Amino acid sequence: MRILLAEDDRDLNASIAALLTHAGYQVDAVFNGEEAYDAACDGYDGMILDWMMPKLDGVEALRRMRADGVHTPCLFLTARDAV
């Protein structure tokens, strides 16, 4: 199973990628919303997006992906403490 991981905190990105890789997933890591948007058309089985990233936030990146017909399931990470 191939997963796109978009998280701008490089240490957190590396930790999550290592855990997922250890669990048997193939992980492609990117560090901002533009990179996530650009990579999304590459046929992933799932995506994990940080809500607050540079260049494009995760919500806007996903909004653009959906508008382009990318329907890959997505989970969001966030440090926000309010809706």
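Modeller: Residues are numbered from 1 along each chain as its sequence is written, and side-chain values use heavy atoms, with hydrogens and water left out. Since the model is predicted, local features need pLDDT of at least 70 and side-chain atom pairs count only at pLDDT 80 or more, whereas totals for chains, interfaces and linings use all residues.

Biologist: What makes up the chain, and how do you know where a helix or a strand is?

Modeller: Helices and strands are DSSP runs numbered from the N terminus, a helix (H or I) having at least four residues and a strand (E) at least two. By that definition there are three helices and four strands, and from the N terminus on they follow the order β-α-β-α-β-α-β.

Biologist: Why is the chain called as compact as a globular protein of its length?

Modeller: The radius of gyration, taken over C-alpha atoms, is set against the globule rule, which is 2.2 Å times the number of residues to the power 0.38. For 83 residues the rule gives 12 Å, and the chain has a radius of gyration of 12 Å, close to that value, so it is as compact as a globular protein of that length. Along its principal axes, the C-alpha trace spans about 30 × 30 × 20 Å.

Biologist: How do you know which residues are buried, and what share of the chain is that?

Modeller: A residue is buried under 20% relative accessible area, exposed over 50%, and partly exposed in between, with a 1.4 Å probe and protein chains only. On that scale 36% of the 83 residues count as buried.

Biologist: Why is Asn-13 called buried?

Modeller: Asn-13, which has its place in helix H1 (residues 10–22), has a relative accessibility of 2%, and because this is under 20% it counts as buried. Contact means heavy atoms within 4.5 Å, and, leaving aside neighbours within four places in sequence, Asn-13 is in contact with Leu-5, Glu-7, Ala-29, Val-30 and Phe-31.

Biologist: How do you know that the buried residues of helix H3 lie on the same side?

Modeller: In H3 (residues 58–67) the buried residues are Gly-58, Ala-61, Leu-62 and Met-65. They cover an arc of only 95° around the axis, which puts them on the same side of H3; the arc is that of the directions from the helix axis to the C-beta atoms. The buried residues of H3 pack against helix H2 (33–39), strand E3 (46–50) and strand E4 (74–77).

Biologist: Why is Ala-61 called buried, and what does it touch?

Modeller: Ala-61 has 0% relative accessibility, which is under 20%, so it counts as buried. Not counting residues up to four places away in sequence, Ala-61 touches Gly-33, Tyr-37 and Leu-56. The C-alpha atoms of Ala-61 and Tyr-37 are 5.5 Å apart, although 24 residues separate the two along the chain.

Biologist: What makes Lys-55 stand out, and is it buried or exposed?

Modeller: Lys-55, in the loop between E3 and H3, has a positive phi of about 70° although it is not a glycine. Most residues other than glycine have a negative phi. At 62% relative accessibility, which is over 50%, Lys-55 counts as exposed.

Biologist: Why is Ala-79 called exposed?

Modeller: Ala-79, placed in the segment after E4, has a relative accessible area of 70%, and because that is over 50% it is exposed. From C-alpha to C-alpha, Ala-79 and Met-52 are 8.3 Å apart in space and 27 residues apart in sequence.
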